[in-house]
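Hi,

Here is the structure I promised to pass on.

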Amino acid sequence: MRLAGPLRVVVIVLTAGLTWILISVLLGAQSSFSRLQQFLLNSPENTPATEPRPKKYKCGLPQPCPEHSFAFRMTSGAANVIGPKICLEDKMLMSSMKDNVGRGLNIALVNGVNGDLIDAKSFDMWAGDVNELLKSIRSLHEGTLVFVASYDDPATKMNEEARKIFTELGSKFARELAFRDSWVFVGAKGVQDKSPFEQEILENKQKLMSTSGSRDTS
């Protein structure tokens, strides 16, 4: 098992709501995008006060997303041991439990209007063929949402064309992504600006660069 030093738990979690309004702005098109009490078998006077369990919302988020939005939660893989997860609207699109993640880049393509999953694949960026990745992202339809979560090594086989396409999808970090960096990103075909839904942790852990969804949309 290839593992540099102790287990690097460099897990990036990105939680946000993709509102239709935000996606419309990004794409430049209007059509796109009672408390529960715990009862104990004790007399009331002997029952200690208990805190209500925090309510969980779609994808385990601590609060609901705005109406007319897509709730999602993404986690990158940790080193080459803990796999990534991509959850959208309380449905797990990619995870180790679903047995559809792998080393490299794990990408889920989603219809930006109705949230339907179009495709979900992993692309080995250490020993795989970058052309397989390029085939998947070259000809995306306008308004397609692209969810990306790294696992182990996302960058060794990344060439200039792949980095350029991710940049055009709204990524700020794709051009500088390096060996064993951790990366999560949500972009879209036809995006007019940089995506607010992206985080990166450098492999050397000396510098952290991150951006996440605004509080108004999470």
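Let me start with the disulfide. The torsion about the S-S bond of cysteine 59 and cysteine 87 is about -85°, so the disulfide is left-handed. The two sulfur atoms are 2.1 Å apart, and a disulfide here is a pair of cysteine sulfur atoms within 2.5 Å. By that rule the count comes to one disulfide. Cysteine 59 lies in the loop between helix H1 (20-27) and strand S2 (69-75), while cysteine 87 is in strand S3 (residues 85-88), so the bond ties together parts that are 28 residues apart in sequence. Both cysteine 59 and cysteine 87 are buried; buried means under 20% relative accessible area, exposed means over 50%, and partly exposed is in between (1.4 Å probe, protein chains only). Cysteine 65, on the other hand, is in no disulfide, and the nearest cysteine sulfur, that of cysteine 59, is 8.5 Å away. Cysteine 65 is buried too, with a relative accessible area of 19%.

Before you go further, a word on the ground rules. Please keep in mind that this is a predicted model: local features need pLDDT of at least 70 and side-chain atom pairs count only at pLDDT 80 or more, whereas totals for chains, interfaces and linings use all residues. Residues are numbered from 1 along each chain as its sequence is written, and side-chain values use heavy atoms, with hydrogens and water left out.

Now the overall layout. The protein has three helices and ten strands; helices (H or I, at least four residues) and strands (E, at least two) are DSSP runs, numbered from the N terminus. Along the sequence the pattern reads β-α-β-β-β-β-β-α-β-α-β-β-β. Of the 218 residues in the protein, 46% are buried.

Strand S5 (residues 104-111) pairs with strand S6 (residues 117-123) in the antiparallel sense over six bridges, where pairing takes at least two DSSP bridges between two strands. Isoleucine 107 has lysine 121 in S6 as its bridge partner. Five residues sit between S5 and S6, and in the turn glycine 115 has a positive phi of about 80°.

What about helix H3 (residues 160-168)? Its buried residues are Ala162, Arg163, Ile165, Phe166 and Thr167. Among the elements covering them are S5, helix H2 (130-137), strand S7 (144-151) and strand S8 (182-188), with contact meaning heavy atoms within 4.5 Å. Just after H3 comes glycine 170, with a positive phi of about 115°.

On to the aromatics. Rings of Phe, Tyr and Trp (its six-membered ring) pair if their centres lie within 6.5 Å; planes under 30 degrees apart count as stacked, over 60 as edge-to-face and the rest as tilted. By this rule the count comes to five aromatic pairs. One of them is edge-to-face: phenylalanine 72 and phenylalanine 197, at 5.6 Å centre to centre with 90° between the planes. That pair links distant parts of the chain, 125 residues apart, with phenylalanine 72 in strand S2 and phenylalanine 197 in the loop between S8 and strand S9 (198-201). Phenylalanine 72 is buried at 0% relative accessible area, and phenylalanine 197 counts as buried at 2%. Another pair, tryptophan 183 and phenylalanine 185, is stacked, with 5.6 Å centre to centre and 5° between the planes. Tryptophan 183 and phenylalanine 185 are both buried. You will also find Phe72, Phe147 and Phe197 in one aromatic cluster.

Aspartate 153 is in the loop between S7 and H3 and is buried, with a relative accessible area of 0%. Its side chain makes a polar contact of 2.5 Å with that of threonine 156 (a polar contact is a pair of N or O atoms within 3.5 Å; within protein, one must be able to donate a hydrogen and the other to accept it, and residues adjacent in sequence count only if both atoms are side-chain atoms). Leaving out residues up to four places away in sequence, aspartate 153 touches Arg103, Gly104, Met125, Trp126, Phe179 and Arg180.

Alanine 174 sits in the loop between H3 and S8 and is likewise buried, at 0% relative accessible area. Setting aside neighbours within four places in sequence, alanine 174 is in contact with Met158, Arg163, Phe166, Thr167, Trp183 and Glu198.

Cheers
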